[in-house]
Structures are given as C-alpha cells and as structure tokens.
Amino acid sequence: MAQNTKKISIVGSGLIGQNWSMIFAGAGYNVCLFDVDPAQLERAKSNISSTLQRYEKDGLMRGTGTAVEQSTRVSTSTSLEECLRSTFYVQECVPENLELKTKVFAQIDNVIGDDVIVASSSSCLVASSFTEKCNHRDHMLVAHPINPPYFIPLVEMVPAPWTKPEVMATTRTLMEEIGQSPVSLKRECPGFALNRLQYACINEAWNMYQSGLLSAEDIDKVCYDGLGPRYAFIGPLETMHLNADGIVDYCKRYAEGAVDVQNKTFKPIPTLYDVPTAEKIQAEYNTTIPLDKIQNKRQWRDNRLAALAKLKKEMGKSD
C-alpha cells in the first residue's frame, strides 16, 4: 500500500484516539493527533511508537511499512486549527460527555471546510445531540469503534437526521479501505446495534446468575466455548439459516419452542445490574482475576483478540 497524501485528523489523544491513529497510519495516511495537553500528546506519541514496535515484533502489526515508518506518519498538535488544516476526514475521540462533545464539535465546525467529514467515536450519544447547531452538520455522523479497535474491526456508523447519504457512503468506503468492518444504521437509536445485542446477552447472564442456575464461570464458558466460536464467523441470523433448510424453515420448526422458553424463563426488561449481585460475581472472580490483576487480564484478552484477528485475516485470503 503506497503512502496516501491525504490527511486524517484525530481529535483527542486517549487510547481510542491512539488506536485510530495507528489504524489510519497503517493504511498509509498522514495523521495529525490533537489534544489540548502537550504532556498527554507526548505520552500518546510515545505509546503509539512502542505499541507499533511491540505489534511488529509479535507479527500483529497492520498495514504496510515498518513500525518506525508508520509511527512517523503520526504528527501531533495542540492547535486545533493546525490539526484540521487541509484535512478531509476528522475522527473525534474526546470523553463521552455531551457538553464536551457539543463544545468540541462547535470548535471543529468553525475551522473546517464544506467538504470535510467529521465522525464521532461516541459509544452512546447520538450525533443529533451535539451537532444540531453546527453549520456543517450534514457532514457529521457517529463512527463508533469497538474496544480495542485495532483488533476488533466493527465500526457502527450512525447518521443524524440531517447527515447526507453520500457522507455515510464515503465514510463506509473509507472504513473498509483502512481494514475496518462498518455497519450502517438507517437512523439514530439508543444503544446503536452492538450494545443492544450485548445488553440482551448480559440481561440473561444476570438473570441466570441471580436464579442460581449457573456460576459466573460457567455462564462465561457458555459464551466463550459455545456461542463465541460460532459468532466469531457467522451471526445469529445466519446461524438460524444454516441450522435448518434456510431461516424460514428454522422459524417453522423452532419459533414456538423459542417463545415457550422465553415465556418460562425471561424476566421483564430492563434488568438492573444491581450491586449485591455484582459483589457475589466479583467474589468468584477474586480467586482468578483479583482487582490488582485486571490489567494483566486485559493484556491477555487483547493478545487473544489479536491472534483471532490475524487468524480471520489469513482465513479470509483463502475463502
């Protein structure tokens, strides 16, 4: 992949901003990373460099070029105007706070040209809540990554009511070009898509634990040794399609049984993730993942997500 002369701007240099920077740099783009705190920018730049070198050593680095070459594609600035100069795409990565996002988008809006696309990494705030008063709001949307974005490629693209269709299309093409896996929601909704599925799963896990049906360890095992391996390659609807002679046949065979299970076991939503239940679950985890070892377990998780991403990439070449 040749060096791309187009410029990408990342606003916010936390872990998500750093991940976006590495992804775009790996795809050949020149990236400018903005933050108001010079010390934070220095830490971010150092972390990007060391992370890419570690990924290169472990055979997990994305894109082309060496870790040093990719790292040099990422510059930093404490000037928003400088960061946005000559850019064609902005990925906002500030904390999930409505007042802050509204302020940042207004500042970006005052600097950018008419053709610049601005996407938020928001995980739950919809774009209409912080772009309504922006002059360039028809070029603004949510492009929500899943943590850690470097190894989990899904990006939820969510338009505001005023986002132009061509902006959604261009952003989707860009996400695919850099190696992410975008999904395009037709409209705004609470929780977007992933969290709605995730909450449904957590709700049932919580209910099974509260009822004493399974231990926390065994509930997790149902996912990572049951649903998880299958869902790493096909989703629930395709699973239905393959587990019968098509999804219509599946519904004819199993729909009534599924409804019967739900009637007998499901609790009314919403499910409150209450502290007393959480304390019991945490007590189980204290023997295997005590609080002072959580960071080690996160690294273990990321290493395995990286290995899975590498495997899926290699398998995709032969499909």
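Author: A word on annotations before we start: UniProt positions follow the numbering used here, and an annotation may be inferred rather than shown by experiment. The model itself is predicted.

Reader: Thanks! Where does UniProt place the 3-hydroxyacyl-CoA dehydrogenase C-terminal domain?

Author: The record, an unreviewed entry, puts this domain at residues 191-244. In the model, that stretch is 74% helix and 0% strand, with its end C-alpha atoms 31 Å apart.

Reader: And which residues does the NAD binding annotation cover?

Author: UniProt's "domain: 3-hydroxyacyl-CoA dehydrogenase NAD binding", again from an unreviewed entry, spans residues 7-186. Over residues 7-186 the chain is 40% helix and 22% strand, and 28 Å separates the end C-alpha atoms.

Reader: What makes α8 and α9 a packed pair?

Author: Helix α8 (residues 194-210) and helix α9 (residues 216-231) have axes 10 Å apart and pack at about 145 degrees. Contact asks for heavy atoms within 4.5 Å. C201, A205, M208 and Y209 of α8 meet that, together with A216, I219 and C223 of α9. The crossing of α8 past α9 is right-handed.

Reader: Why is that contact called nonpolar?

Author: Ala, Cys, Met, Ile and Tyr count as nonpolar. The contact of α8 with α9 therefore divides into 7 nonpolar residues, no polar and no charged ones.

Reader: What makes up the lining of the second largest pocket?

Author: That lining divides into 7 nonpolar, 8 polar and 4 charged residues. The pocket has a volume of about 420 Å³. Of its 19 lining residues, L15, N19, Y55, P148 and D302 are the closest to its centre. Two or more residues come from each of α1 (15-26), α2 (38-57) and α13 (294-318), and α2 gives the most, with 6.

Reader: How do you know whether the bond from N147 to P148 is cis or trans?

Author: Its omega is near -5 degrees, and the bond is cis. P148 sits in the loop between β6 (140-145) and β7 (154-159). A cis bond also joins I269 and P270, with omega about 5 degrees. P270 belongs to the loop between α11 (247-265) and α12 (275-285).

Reader: What makes S86 worth a look?

Author: S86 has a positive phi of about 65 degrees, although it is not a glycine. You will find S86 in the loop between α4 (80-84) and β4 (87-92).

Notes: Residues numbered from 1 in each chain as written. Predicted model: local features only at pLDDT ≥ 70, side-chain atom pairs only at ≥ 80, totals over all residues. Heavy atoms only, no water. Axes fitted to C-alpha atoms, helices over the stretch in contact; angles between N-to-C directions. Helix = DSSP H or I, 4+ residues; strand = E, 2+ residues; numbered from the N terminus. Left-handed = near helix turned anticlockwise from the far one by under 90°. 1 Å grid on protein atoms, 1.4 Å probe; cavity = no way out; pocket = protein on both sides within 12 Å on 5 of 7 lines; lining within 4 Å. Points joined across faces, edges and corners; volume = space filled by probe spheres on them.
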